[in-house]
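Q: Got a minute to go through helix packing and ring pairs with me?

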Amino acid sequence: MLTAVILTFIIGYLAIVFEHPLKLDKTVPALIMAAVCWALVSLGHIPLPEGHIAHGAAHDYYKDELGPTLLHHIGKTAEILIFLIGAMTIVELIDLHKGFSAITDRIKTTQKSTMLWLITPLAFFLSATLDNLACTIVLVSLLRKLVPVKEERIYFIGLAVIAANAGGAWSPIGDVTTTMLWINDNVSTSGLIVNILIPSIVCAVVPTFFMSRMSYMKGAITIPESSRETNTDSKKVVGSTVMLVAGLTGLIFVPIFKVITHLPPYVGMMLSLGMVWLISEYLHPDEDFEDKHHYSAHNALSRIEMSSILFFLGILMAVASLESMGTLKSLAVYMDNTIPNRDIVIAVLGLGSALIDNVPLVAAAMGMYTEGIDDKLWHFLAYSAGTGGSMLIIGSAAGVAAMGMEKIDFMWYVKHIAWLAFIGFVAGAIVFLLLYPVLNGDVSAADPILNTGTDLIKTIG
């Protein structure tokens, strides 16, 4: 039955990859794949005496074993989905009130290469403050204003995904995986920042440098006449500023709320969404129903890409089915036994996070190793899992959000962005391996680390 689950996952994954040739929305295979995988997991554990399904045994198995496991995974998935819905609603409310014009109006450049170098640090540091998912949602909305033509905009969004994932890797609240390691006392805040900040900067800057020299980044951004807006209504300007401040404050408040209460991030997002929604209700008290509805949260909710939410549900639950059967952990153990150098094992896990969600991979690694807090293994795992997902658009929450919001084609991303993410990942990994002994007072270890970097290039190159 394990083979059937893996085969179902592979077929569903291929259907997602080739959604455009198949002319099939990626949400369809994701949902079917998740349901069939879990059905096979269930059937694989039901005893079959005399060739007939023992319904009583099946009920007991679900009640005692599969039920709690399924509820655990759907609960973890729901946390992400609630967070995503809340963040997207807040961003849409800001956008409805033209709040992002307060930022876009201050960016005067029309040169593509200059814009590129503005987007990278913005994504990098915004991701560390909010998280890579919320950061990507905000940046997509910003880039829709700054780069109106989608054919040009998606290049910037691709780089924003790379920079957002790199920015989230060095912050304990910037990525789900770093948060997992932080909560589990595998890493400390200071240890994470000291050891991963510079490699993360390299991971973001190297792809930016190469993209800025590509032919499609030459010249000026195309601005259609229909996109040239002027905001002369003073009431709208006041409303836009209020919503921008309220929305961004609400998003920044989420990690603060988590640190104070130790509750999951989605609880803070519920509070932030409620407060921003409350403010939006009273910004236009004198307008008639039709005008007021335009600025309402109801309208913002209708603008959310629910298909991308359901896609996220399907892909995460499908991966959870593999995790529930121990497939991911078995793979990690096999790699650890096959490859004697753990740095290469962690790097390969980082590459694997582009294909499979980084959360179960990190969870598997946390179950494999027992090293103490701020061990090199945990820091390298945080970097690799956080940045490796950029190599495929479905390899990270940021990529999935961008794919859903902008309808980015999977194969387009592979062709134009994946190689940039790869060289950024490798460059940052080598910098990490070279700097780690220096930053931790073990300069004598530099030669072995350098040899590891050489082996790493040979392995993944």
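The chat below goes through helix packing and then aromatic pairs.

Q: Before we start, what kind of model is it?
A: It's a predicted model: local features need pLDDT of at least 70, side-chain atom pairs count only at pLDDT 80 or more, and totals for chains, interfaces and linings use all residues. Residues are numbered from 1 along each chain as its sequence is written, and side-chain values use heavy atoms, with hydrogens and water left out.

Q: OK, α1 and α15: at what angle do they cross?
A: Roughly 155°, with the axes of α1 (residues 2-17) and α15 (residues 306-324) coming within 10 Å. That makes α1 roughly antiparallel to α15 (angles over 145 degrees, taken from 0 to 180 between N-to-C directions of axes fitted to C-alpha atoms over the stretch in contact). Helices here are DSSP runs of H or I, at least four residues, numbered from the N terminus.

Q: And which residues meet there?
A: From α1, Val5, Ile6, Phe9 and Ile16; from α15, Phe311, Ile315, Ala318, Val319, Ser321 and Leu322 (contact is heavy atoms within 4.5 Å). By class that contact has nine nonpolar, one polar and no charged residues (Ala, Val, Leu, Ile, Met, Phe, Trp, Tyr, Cys and Pro are nonpolar, Asp, Glu, Lys and Arg charged, the others, Gly among them, polar).

Q: How far apart are the axes of α17 and α19?
A: 8 Å, for α17 (residues 342-352) and α19 (residues 376-388), at an angle of about 25°. So α17 is roughly parallel to α19 (the cut-off is under 35 degrees).

Q: Switching to rings: how many aromatic pairs are there?
A: The structure holds 14 (Phe, Tyr and Trp rings, the six-membered one for Trp, with centres within 6.5 Å; planes under 30 degrees apart are stacked, over 60 edge-to-face, the rest tilted). Tyr155 and Tyr216 are a stacked pair, because their centres are 4.0 Å apart and their planes sit at 20°.

Q: Where do those two sit?
A: Tyr155 is in helix α8 (residues 150-169) and Tyr216 in the loop between α10 (189-212) and α11 (234-261), so the pair ties together parts 61 residues apart in sequence.

Q: Is Tyr155 buried or exposed?
A: Buried, with a relative accessible area of 12% (buried is under 20%, exposed over 50%, partly exposed in between, using a 1.4 Å probe and protein chains only).

Q: Which rings form a cluster?
A: Phe380, Tyr383, Phe425, Phe432 and Tyr436, linked by ring pairs.

Conventions. Parallel < 35°, antiparallel > 145°, perpendicular 65-115°, else oblique.
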